[in-house]
Amino acid sequence: MRYLSEFVGSLVLLLGGYAYMCNISLKKTLVSNLNYLELVFAWSLAVGLGLATAVVMGGPAYLNPGVVFGNIIAGNLPVTEALLFLLMEFLAAGSAELLCMIFFWDSFQASPNAPKRGIFSAYPVEKNMVLNFAQEIIATFFFMFIVFTCLKAVSGESAALQTGAVGFAAVAIMALSLNSTGYSMNAMRSVFSSVWFVILPFPNKNNEKVDWPYQLTVNLAGSSIGGILAVLVTGLF
């Protein structure tokens, strides 16, 4: 059940965020245009509800490769278990994209010129690999640090509600205060999904290429370092 909770919680998180991105990026939807506050609210709810769902199902609710890596380094998680949690996150990313592809099939077909890769992966407003790498570490660290420190006080029957509220608040705060970086704060959200973006037959994908140097350097290494630091620093307290 712990591993199933990781899959379901990750699926809820990603499906909520990806579905909103499809709505604002593709034609033949009722949203169509980006509203930044709405975007923040959608992703914040997705993260909060994903965390709450995983907690209700009895899982540790990692929902982030950086958090998994951090717990390995801190000695809280055996490598074999960690690999299973990472597998659940990877499968959740693929399932979320597959569901979006089916649900928004007509919208993808009606949007031949709309960029698709940004629906499922985070990219910066202006690419600067060194700066983006630092931004990803900083944003991920503070996001996860807020979550971890707040969750230290969570206990009892209200754990799921408090966890969801903390996730919602942390994403909202970070997105509203550091909104120009294009950070992912989660390799599952960007890197795992990029693999599935290459594999799945999205209509009108138009041979869009994943920027692998950016994904691996910033969204994988940067977010993982931020998550690892957050686990280790929180452990000091």
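N204 is partly exposed at a relative accessible area of 26%, where buried means under 20%, exposed over 50% and partly exposed in between (1.4 Å probe, protein chains only). The structure is a predicted model, in which local features need pLDDT of at least 70 and side-chain atom pairs count only at pLDDT 80 or more, while totals for chains, interfaces and linings use all residues. Residues are numbered from 1 along each chain as its sequence is written, and side-chain values use heavy atoms, with hydrogens and water left out. Helices (H or I, at least four residues) are DSSP runs, numbered from the N terminus, as are strands (E, at least two).

**The loop between α9 and α10**

- N204 sits in the loop between α9 and α10, and its phi is positive, near 55°, in a residue other than glycine.
- N206 lies in the loop between α9 and α10 and has a positive phi of about 55° although it is not a glycine.
- N206 counts as partly exposed, because its relative accessibility is 48%.
- Leaving aside neighbours within four places in sequence, N204 is in contact (heavy atoms within 4.5 Å) with F108, Q109, A110, S111, P112 and K116.
- The side chain of N204 reaches the backbone oxygen of F108 at 3.0 Å. This is a polar contact, meaning a pair of N or O atoms within 3.5 Å; within protein, one must be able to donate a hydrogen and the other to accept it, and residues adjacent in sequence count only if both atoms are side-chain atoms.
- N204 and F103 are 101 residues apart along the chain, and their C-alpha atoms are separated by 15 Å.

**Salt bridges**

- The structure holds two salt bridges, each defined as a side-chain nitrogen of Lys or Arg within 4 Å of a carboxyl oxygen of Asp or Glu.
- Side chains of opposite charge can pair when their charged atoms come close.
- K127 forms a salt bridge with D211, with the closest N and O atoms 2.7 Å apart. This pair links distant parts of the chain, 84 residues apart: K127 is in the loop between α6 (117-120) and α7 (129-151), and D211 is in the loop between α9 and α10.
- K127 is partly exposed, with a relative accessible area of 49%, whereas D211 counts as buried at 15% relative accessibility.
- R2 forms a salt bridge with E81, with 3.5 Å between the closest N and O atoms. This pair also links distant parts of the chain: R2 is in helix α1 and E81 is in helix α4 (residues 79-103), 79 residues apart.
- R2 counts as partly exposed at 35% relative accessibility, and E81 counts as partly exposed at 25%.

**Buried positions**

- The largest nonpolar core has 62 residues, and those with the most contacts inside it are C22, F108, F120 and F143. Such a core is a set of buried Ala, Val, Leu, Ile, Met, Phe, Trp, Tyr and Cys residues joined through side-chain atoms within 4.5 Å.
- In soluble globular proteins, nonpolar side chains tend to be buried together.
- S10 lies in helix α1 (residues 2-25) and counts as buried, because its relative accessibility is 0%.
- The side chain of S10 reaches the backbone oxygen of E6 at 2.7 Å.
- Apart from residues up to four places away in sequence, S10 touches L63, E89, A92 and M188.

**Helix α3**

- In helix α3 (residues 65-73), the buried residues are P65, G66, V67, V68, G70 and N71. The buried residues of α3 pack against α4, α7, α9 and α10.
- At the start of α3, a side-chain oxygen of N64 reaches to within 2.9 Å of the backbone nitrogen of G66.
- G75 follows α3 and has a positive phi, near 80°.

**Nonpolar surface patch**

- V198, I199, W212 and L216 make a nonpolar surface patch of about 360 Å², with accessible areas from the Shrake-Rupley method with a 1.4 Å probe; for residues, only the protein chains shown count as cover.
- Patches are made of residues with over 30% relative accessible area and no salt bridge; like charges are joined within 9 Å, and nonpolar side chains (Val, Leu, Ile, Met, Phe, Trp, Tyr) within 5 Å.
- α9 (187-199) and α10 (212-236) each supply at least two residues of the nonpolar patch.
- L216 is found in helix α10 and is partly exposed, with a relative accessible area of 43%.
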